[in-house]
Amino acid sequence: RVTDTVPLAADEITARQLLQRRPPAVARYLDLDDDPLAARRARLFVKAACQDWQLDAAVCDDAVLVASELVGNATAHARTACRLDIRLDALGLTIAVRDYDYRGLLTNPLACTSAGRRGQGLFLVASISRAWGVSPTENGKSVWALLAVTTAVR
């Protein structure tokens, strides 16, 4: 099943041509500790991936912002280490942050407190993203956002 994800070429010339094309899906991940520098490390990681994948600067800026918000929420609220996953495919750029907070999902992640004050991070993520959500995992949750990718620098 390797040929389902890795194109094989019949000869060297074709193989060299394949090297010039991005695969249909590319992905990276970064494991982060629960520390104050996690969001900064996430921003640098996402920025580097966007540049490597030759994404438009506006998409890169949005991706960096979303990753920073999601990692910041994981470290501030779940208070656990987390994993940042990014994936570029035909659907767009997916940014997901998985934490290890066994207490489970928030019932309404966009609800305000009774005092009406709450960080605007998830509202910002929702406004930037084509879609976003929270999915349970076996020992925590994954908060993800899908960003539209319209152009790439060639």
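**Before you start**

This is a predicted model: local features need pLDDT of at least 70, side-chain atom pairs count only at pLDDT 80 or more, and totals for chains, interfaces and linings use all residues. Residues are numbered from 1 along each chain as its sequence is written, and side-chain values use heavy atoms, with hydrogens and water left out.

**Stop 1: the whole chain**

Show the cartoon. You will find five helices and five strands. From the N terminus on, the order is α-α-β-α-α-β-β-α-β-β. Helices (H or I, at least four residues) and strands (E, at least two) are DSSP runs, numbered from the N terminus.

Now colour by burial. Buried residues make up 32% of the 154 residues. Buried means under 20% relative accessible area, exposed over 50%, and partly exposed in between (1.4 Å probe, protein chains only).

Turn to contacts, which means heavy atoms within 4.5 Å. Take those between residues at least 6 apart in sequence: 62% join residues at least 24 apart.

**Stop 2: α4 against α5**

Select residues 57-78 for α4 and 121-128 for α5. Two packed helices are described by the angle between their axes and the distance between the axes. Here the angle is about 145 degrees, and the axes are 10 Å apart. Axes are lines fitted to C-alpha atoms, for helices over the stretch in contact, and angles run from 0 to 180 degrees between N-to-C directions.

The crossing of α4 and α5 is left-handed. That term applies if the near helix is turned anticlockwise from the far one by less than a right angle; clockwise is right-handed.

Show side chains at the contact. From α4, pick D62, L65, V66, E69, L70 and N73. From α5, pick G121, L122, L124, V125 and I128. By class, the contact has seven nonpolar, two polar and two charged residues. Ala, Val, Leu, Ile, Met, Phe, Trp, Tyr, Cys and Pro count as nonpolar, Asp, Glu, Lys and Arg as charged, and the others, Gly among them, as polar.

**Stop 3: down the axis of α5**

Which residues of α5 are buried? They are G121, L122 and V125. Seen down the axis of α5, the buried residues fall within an arc of 95 degrees, so they line one face of the helix. The arc is that of the directions from the helix axis to the C-beta atoms. Their cover includes α4, β4 (131-137) and β5 (140-147).

**Stop 4**

Select A42 in helix α3. A42 is buried, at 0% relative accessible area. Leaving aside neighbours within four places in sequence, A42 is in contact with L32, A67, V71 and L84.

Next, select S68 in helix α4. S68 counts as buried at 15% relative accessibility. Not counting residues up to four places away in sequence, S68 touches A39 and R43.

**Stop 4: two loop residues**

Most residues other than glycine have a negative phi. Go to Q54, in the loop between α3 (38-52) and α4. Phi of Q54 is positive, near 55 degrees. Q54 is partly exposed, at 37% relative accessibility.

Finish at R79, in the loop between α4 and β2 (82-89). Phi of R79 is also positive, near 55 degrees. Is R79 buried or exposed? R79 is exposed, with a relative accessible area of 64%.
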